Amino acid sequence: MTKLDFSHNTALEVLVANEFSQLESLILPKSKTLRVLNCTATGVGEIDVSNYPALEELWCAENELTHLDVSNNKLLKRLWCDYNNLTSLDLSNNPALEELSCGGNPLTSLNVSNIPALSLLHCDETQLTSLDLSSNPALTELVCYNNQLTSLD
């Protein structure tokens, strides 16, 4: 399959459409109630989640994403976006985030200072040179190997 169209599935709350390695187009539902989206390993290069304010979980790892805007997803608790081509990730509007896995991206900076509930952080295999975790008292799991880290607070 090269195209999945869920635009007419307006009542969807959970959408799992992963492991479609040849997918060129993923058309998301026109639903304000979407809470979970898993599109891991689909090969898509773009995903727009800006119209999903109820989104709590986004699993979009192992794709071709170069940009990911989660600024309108204030309820987001889990974000797994590892192994894409993301050079930046703005999490300033995601204070509810509890799990972040963003390893395997060419990230050069990562600011998690406004995410006090963050308990899991995987930021391995990136280009990070520093990481400040002093504002993350709930952090219980950190994976940060194979980086350029010279400073870790």
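User: Where does Ala-41 lie?

Analyst: Ala-41 lies in the loop between strand 4 (36-38) and strand 5. Strands here are DSSP runs of E with at least two residues, and helices are runs of H or I with at least four; both are numbered from the N terminus. A word on the source: this is a predicted model, where local features need pLDDT of at least 70, side-chain atom pairs count only at pLDDT 80 or more, and totals for chains, interfaces and linings use all residues. Residues are numbered from 1 along each chain as its sequence is written, and side-chain values use heavy atoms, with hydrogens and water left out.

User: What about the phi of Ala-41?

Analyst: Positive, about 55°, although Ala-41 is not a glycine.

User: Is Ala-41 buried or exposed?

Analyst: Buried, because its relative accessible area is 13%. The cut-offs are under 20% for buried, over 50% for exposed, and partly exposed in between, with a 1.4 Å probe and protein chains only.

User: And Glu-62, where is its place and what is its phi?

Analyst: Glu-62 sits in the loop between strand 5 and strand 6. Its phi is positive too, about 60°, and Glu-62 is not a glycine. At 47% relative accessibility, Glu-62 counts as partly exposed.

User: Switching to rings. How many aromatic pairs does the structure hold?

Analyst: One. Trp-59 and Trp-80 form the pair, and it is stacked: 5.3 Å centre to centre, 15° between the planes. Rings of Phe, Tyr and Trp (its six-membered ring) pair if their centres lie within 6.5 Å; planes under 30 degrees apart are stacked, over 60 edge-to-face, the rest tilted.

User: Which strands does the pair link?

Analyst: Trp-59 is in strand 5 (residues 57-59) and Trp-80 in strand 6 (residues 78-80). They are 21 residues apart, so the pair links distant parts of the chain.

User: Which of the two is buried, and which partly exposed?

Analyst: Trp-80 is buried, at 18% relative accessible area. Trp-59 counts as partly exposed, at 24%.

User: What does Leu-128 touch?

Analyst: Cys-123 is one of its contacts. Others include Leu-107, Thr-108, Asn-147 and Leu-149; residues up to four places away in sequence are not counted. Contact means heavy atoms within 4.5 Å. Leu-128 and Thr-108 are 20 residues apart in sequence but 4.6 Å apart in space, C-alpha to C-alpha.

User: Where is Leu-128, and is it buried or exposed?

Analyst: Leu-128 lies in the loop between strand 8 (120-122) and strand 9 (130-131). It is buried, with a relative accessible area of 0%.

User: What about Ala-138 in the next loop along?

Analyst: Ala-138 has its place in the loop between strand 9 and strand 10 (141-143). It counts as partly exposed, at 28% relative accessibility. Ala-138 touches Pro-116, Ala-117, Leu-118 and Ser-119, again leaving out residues up to four places away in sequence.
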